[in-house]
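Q: I would like to learn how to read a few local features of a model with you. Could we begin once the structure is on screen?

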Amino acid sequence: MRLVLLIGHFPPGPFGGAEAQAEEWASRLGNRHQVTVITRRDPRTQAVLERRAGFEVRRVTVPRLPLWRSLADLGAIERAVAGLEPPPQLLLCFQTFISGLAGVRIQSRHRIPAIVWVRGESEYRLARSLRERWLSPRVWLLARGVLVQSEANRAALLGELERHAPRVAPRVAAKLRVVPNGITLPPDPAASGDAVLVLGRLIAEKGVDVVLDALAGADGARLLVAGGPRRGTADASACAPASW
């Protein structure tokens, strides 16, 4: 199968879990399929075309102005997909915006089916943003399939749709599937102790502040946070019982 992965950024770079997973999926799928990754050229020192073992990366250059960048993204992604010969048979779009939106536009114009993989809670917390509340349900409705990472994500996404877009909810539910990240945990995890380890970027969505608050009443609890880049923000909200 000729498969295209759409994602806003792609390694190398200081990105998050979605980007790391996209790289892993491209590598694994590239063993059996013809895989092309289409992403932004950011920073602009990156090569426009990069060939790796099993797949290739094509980077599009877009403006830096936020609103204009989104509009330019849609056009650049579509041109990159339309320029592939032979044309792809499937689009796998990481995140609803902007890759998912680009994917369903290409699907309608070029008849290439698009699957949208929702990668985080911020994509389906529809009350937080007018953009998500208006745009996300429409993208999921148009996509041939919608993926989430866990049953908890599936239940939460459908709950948000039932509250904010009830007419859309049953149709999205019919094509919503769970595909885990693919990380296999050891059968016998490390023994419990008095330390807590948090792995992740220090951004609001990762909830490090929630861990800090939870440890505030735990005597002697130690906290180790492995992530970046904004340590100062987490330090400022650290509670006395917890230590770095």
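A: Let us start with I98, which lies in helix α3, where helices (H or I, at least four residues) and strands (E, at least two) are DSSP runs numbered from the N terminus. Please keep in mind that this is a predicted model, in which local features need pLDDT of at least 70 and side-chain atom pairs count only at pLDDT 80 or more, while totals for chains, interfaces and linings use all residues. Residues are numbered from 1 along each chain as its sequence is written, and side-chain values use heavy atoms, with hydrogens and water left out.

Q: Which form does the peptide bond from F97 to I98 take, and what is its omega?

A: The bond that runs from F97 to I98 is cis, and its omega is near 15°.

Q: How many salt bridges does a search of the whole structure find?

A: The search finds twelve, where a salt bridge is a side-chain nitrogen of Lys or Arg within 4 Å of a carboxyl oxygen of Asp or Glu. One of them joins the side chains of E24 and R28 at 2.7 Å, N to O; E24 and R28 are both in helix α1 (residues 17–29), four residues apart, about one turn of the helix. E24 counts as partly exposed because its relative accessibility is 35%.

Q: Where in the chain are R105 and E78?

A: The side chains of R105 and E78 meet in a salt bridge of 3.7 Å, N to O. This pair links distant parts of the chain, with R105 in helix α3 and E78 in helix α2, 27 residues apart. R105, at 25% relative accessibility, counts as partly exposed, whereas E78, at 13%, counts as buried.

Q: Why are R163 and E160 separated by about one helical turn?

A: They are three residues apart in helix α5 (residues 151–164), which means that about one helical turn separates R163 from E160. Salt bridges that share partners also join E23, E50, R52 and R59 into one network.

Q: At what angle do the axes of helix α3 and helix α4 cross?

A: The axes of helix α3 (residues 96–110) and helix α4 (residues 130–142) cross at roughly 40° and come within 9 Å. That angle makes α3 oblique to α4, since angles under 35 degrees count as roughly parallel, over 145 as roughly antiparallel, 65 to 115 as roughly perpendicular and the rest as oblique. Axes here are lines fitted to C-alpha atoms, for helices over the stretch in contact, and angles run from 0 to 180 degrees between N-to-C directions.

Terms used: Buried < 20%, exposed > 50% of the residue type's maximum accessible area, 1.4 Å probe, protein only.
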